[in-house]
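Subject: Structure handover

Hello,

Here is the structure I said I would pass on. My notes on what was found follow below.

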Amino acid sequence: MLKKIEAIIREDKVNDVQNALNEIGIVGLNMFEVRGHGRQGGVQLVGRAGTYQVNMLPKIQINIVLNDRNLDIAIEAILKSAYTGEPGDGIIFVTPVEDVIRVRTRERGQEAMMYPGDIDMRKSQTVNKNR
Ligand SMILES: Nc1ncnc2c1ncn2[C@@H]1O[C@H](COP(=O)(O)OP(=O)(O)OP(=O)(O)O)[C@@H](O)[C@H]1O
Ligand SMILES: [Mg+2]
């Protein structure tokens with residue numbers, strides 16, 4: 001089963017999260033800037049012209065489609081690396097993915113979500129070494 005993680009995180013945590021994902025061997029991902037708000041509905045800023053409300057706060061959304069056997073380890077890596085403990089640390093959505101088709105090779109599904117040197121390849125190398 002393929003899953004998609006949409007992790008909406010602080011802009012200044014992007015490098016940490018990327019490094020954490022890279023460390024565990026998550027290779028394929030993309031990200032973009034999003035604006036939105038969660039529980040607090042934005043923040044109040046105090047400027048020279050007085051206080052004003054900013055409703056849509058900028059965050060970075062990291063998207064990862066992956067095999068569900070790697071879901072928990074990826075979520076844990078994001079939780080650890082994106083955390084400050086303050087409001088606004090972000091949110092993670094997980095959804096099922098129907099299919100994936102790589103254009104060049106026409107690989108589909110789980111086969112299309114294998115990358116050289118990724119988490120699955122590392123696991124199989126460890127198995128081979130232990131033989
Ligand atoms: N229900 C939702 N649907 C879509 N996007 C959301 C939803 N809730 C939050 N977001 C997005 O996720 C971001 C995360 O917000 P934030 O970290 O403030 O979460 P929170 O739920 O308010 O928790 P906290 O209390 O820790 O701040 C928001 O800025 C918004 O972009
Ligand atoms: Mg919030």
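Strand 3 (residues 43-47) and strand 4 (residues 50-54) run antiparallel and are joined by five bridges; two strands pair if DSSP finds at least two bridges between them. Gln-44 has Gln-53 in strand 4 as its bridge partner. The link from strand 3 to strand 4 is a hairpin through two residues.

This is a predicted model, in which local features need pLDDT of at least 70 and side-chain atom pairs count only at pLDDT 80 or more, while totals for chains, interfaces and linings use all residues. Residues are numbered from 1 along each chain as its sequence is written, chains are lettered from A and ligands numbered from 1 in the order in which they are written, and side-chain values use heavy atoms, with hydrogens and water left out.

On the whole chain: the protein has four helices and six strands (DSSP runs numbered from the N terminus, helices being H or I with at least four residues and strands E with at least two). Their order along the sequence is β-α-β-β-β-β-α-β-α-α. The radius of gyration (over C-alpha atoms) is 18 Å, well over the 14 Å that the globule rule (2.2 Å times the number of residues to the power 0.38) gives for 131 residues, so the protein is more spread out than a compact globule. The C-alpha trace spans about 65 × 30 × 20 Å along its principal axes.

Of the 131 residues, 34% count as buried, meaning under 20% relative accessible area with a 1.4 Å probe, protein chains only.

Regards

Methods
Buried < 20%, exposed > 50% of the residue type's maximum accessible area, 1.4 Å probe, protein only.
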